[in-house]
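This briefing walks through selected features of the structure shown below, grouped by topic. Please read the points alongside the sequence and the 3D view.

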Amino acid sequence: DQDKLTRISLLLGIFKALNILYSPKLADSWVSLANSNPIFHGEAPLAYIVKGGVPALVRIRQLLDARRGGQ
């Protein structure tokens with residue numbers, strides 16, 4: 001259904017951005033590491049995703065896409 005396709009698309013975009021931005025080791029572990037970005041409140045991005053669902057995935061995708069674009 002549409003919800004599943006949206007989630008898959010967001011996860012693939014996040015995966016791609018992480019692998020462009022970081023080394024393979026860091027890209028693979030990034031979601032489980034504590035993060036100092038204010039949106040994560042010092043928690044791991046995975047905790048943010050679990051709490052926030054699709055809107056959190058969208059926000060992370062936007063964050064990583066902005067980093068890729070140099071913003």
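This is a predicted model: local features need pLDDT of at least 70, side-chain atom pairs count only at pLDDT 80 or more; totals for chains, interfaces and linings use all residues.

## Briefing: aromatic residues and the nonpolar core

F40 has a relative accessible area of 1%, so this residue is buried, the cut-off being under 20%.

**Ring pairs**

- F40 and Y48 form an edge-to-face pair, because their ring centres lie 5.3 Å apart and their planes meet at 90°; both F40 and Y48 are buried.
- The count of aromatic pairs comes to two, and the rings of W30 and F40, with centres 6.0 Å apart and planes at 80°, also make an edge-to-face pair.
- Since W30 and F40 both lie in the loop between α2 and α3, their pair ties together parts of the chain that are 10 residues apart in sequence.
- W30 is buried as well, with a relative accessible area of 6%, and the ring pairs link W30, F40 and Y48 into a cluster.

**The largest nonpolar core**

- The largest nonpolar core holds 16 residues, of which I14, L18, W30, F40, Y48, I60 and L64 touch the most other members.
- Helices α1 (2-21) and α3 each supply at least two residues of this core, and α3 gives the most to it, with eight residues.
- Leaving aside neighbours within four places in sequence, I60 is in contact with I14, W30, F40, P45, Y48 and I49.

**N35 in the loop between α2 and α3**

- N35 is found in the loop that runs between α2 (24-29) and α3 (45-68), and with a relative accessible area of 10% this residue is buried.
- When residues up to four places away in sequence are not counted, N35 touches W30, F40, G42, E43 and P45, and two of these, W30 and F40, are the partners of the edge-to-face pair with planes at 80°.

**D65 in helix α3**

- D65 lies in helix α3 and is partly exposed, with a relative accessible area of 29%.
- The C-alpha atoms of D65 and I14 are separated by 8.3 Å, although these residues are 51 residues apart along the chain; I14 is also among the core residues that touch the most other members.

Terms used:
Residues are numbered from 1 along each chain as its sequence is written. Side-chain values use heavy atoms; hydrogens and water are left out. Helices (H or I, at least four residues) and strands (E, at least two) are DSSP runs, numbered from the N terminus. Buried means under 20% relative accessible area, exposed over 50%, partly exposed in between (1.4 Å probe, protein chains only). Contact means heavy atoms within 4.5 Å. Rings of Phe, Tyr and Trp (its six-membered ring) pair if their centres lie within 6.5 Å; planes under 30 degrees apart count as stacked, over 60 as edge-to-face and the rest as tilted. A nonpolar core is a set of buried Ala, Val, Leu, Ile, Met, Phe, Trp, Tyr and Cys residues joined through side-chain atoms within 4.5 Å.
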